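Me: Please examine the structure shown below and answer some questions about its fold and its charged side chains.

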Amino acid sequence: MSLTMYQASIPVFVRMLGNLSVILDKAAAHAEAKKIDPTIFVNARLAPDMYPLSRQVQIATDMVKGCAARLAGIEVPSYEDTETTFADLQTRITKTVAFLQSVSASQIDGSEDRNITLKFGSKELSFLGQAYLLDFVLPNFHFHLTTTYAILRHNGVAIGKKDYVGNF
């Protein structure tokens, strides 16, 4: 039995965004319990030249909504990137999961050879669908999820590997 493009994308994205939501809830609870301004976490970075936590979540959600839309051949939803609170970030995750769940397996399956072109300023990257998902989206998605986790863990939030990978 082979793995379909849908199986390798949407369920993975939805599951990991659910785990991210739990991690953000734990961070908000930690901030409240320790009387720490939550914006300290939302704006925290691992290094001065890295994006803050809020941007990490924005990029992670952009990565997967863009992937789902491009593989399905539909318009990529546009989000404003104005989130400044844990509640804002949770709303963005919820909106992204709802979009992902609106894309059907029949829209994504068979997209292995779909031409995907991304533009970054004057630079263009071109992929076939399977390479786009496996070699570009999944590593980038997990990088930004992991960085979000690392920012919070570094700042004392009591989370661990089980929070990142979730329950099985």
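**Fold and salt bridges**

Reply: The protein contains seven helices and two strands, where helices (H or I, at least four residues) and strands (E, at least two) are DSSP runs numbered from the N terminus. This is a predicted model in which local features need pLDDT of at least 70 and side-chain atom pairs count only at pLDDT 80 or more, while totals for chains, interfaces and linings use all residues. Residues are numbered from 1 along each chain as its sequence is written, and side-chain values use heavy atoms, with hydrogens and water left out.

Me: Which pattern does the protein follow along the sequence?

Reply: The elements comprise seven helices and two strands. Read along the sequence, they give the pattern α-α-α-α-α-β-β-α-α.

Me: How many salt bridges does a search of the whole structure find?

Reply: A salt bridge is a side-chain nitrogen of Lys or Arg within 4 Å of a carboxyl oxygen of Asp or Glu. Side chains of opposite charge can pair when their charged atoms come close. The number of salt bridges found in the whole structure is seven.

Me: Which residue forms a salt bridge with D163?

Reply: In this pair the closest N and O atoms are 2.5 Å apart. The bridge links distant parts of the chain, 137 residues apart, with D163 in helix 7 (residues 161–165) and its partner in helix 1 (residues 10–33). D163 is buried at 15% relative accessible area, buried meaning under 20%, exposed over 50% and partly exposed in between (1.4 Å probe, protein chains only). The partner, partly exposed at 34% relative accessibility, is K26.

Me: Which residue meets D81 in a salt bridge?

Reply: The N to O distance is 3.3 Å. D81 lies in the loop between helix 3 (53–72) and helix 4 (86–102) and its partner in helix 3, so the pair ties together parts that are 26 residues apart in sequence. D81 is partly exposed, at 31%. The partner, also in the partly exposed class at 23%, is R55.

Me: Are E83 and R92 buried or exposed?

Reply: E83 forms a salt bridge with R92, with 3.1 Å between the closest N and O atoms. Both belong to a network of salt bridges that also includes R55, D62, K65 and D81. E83 and R92 are each buried.
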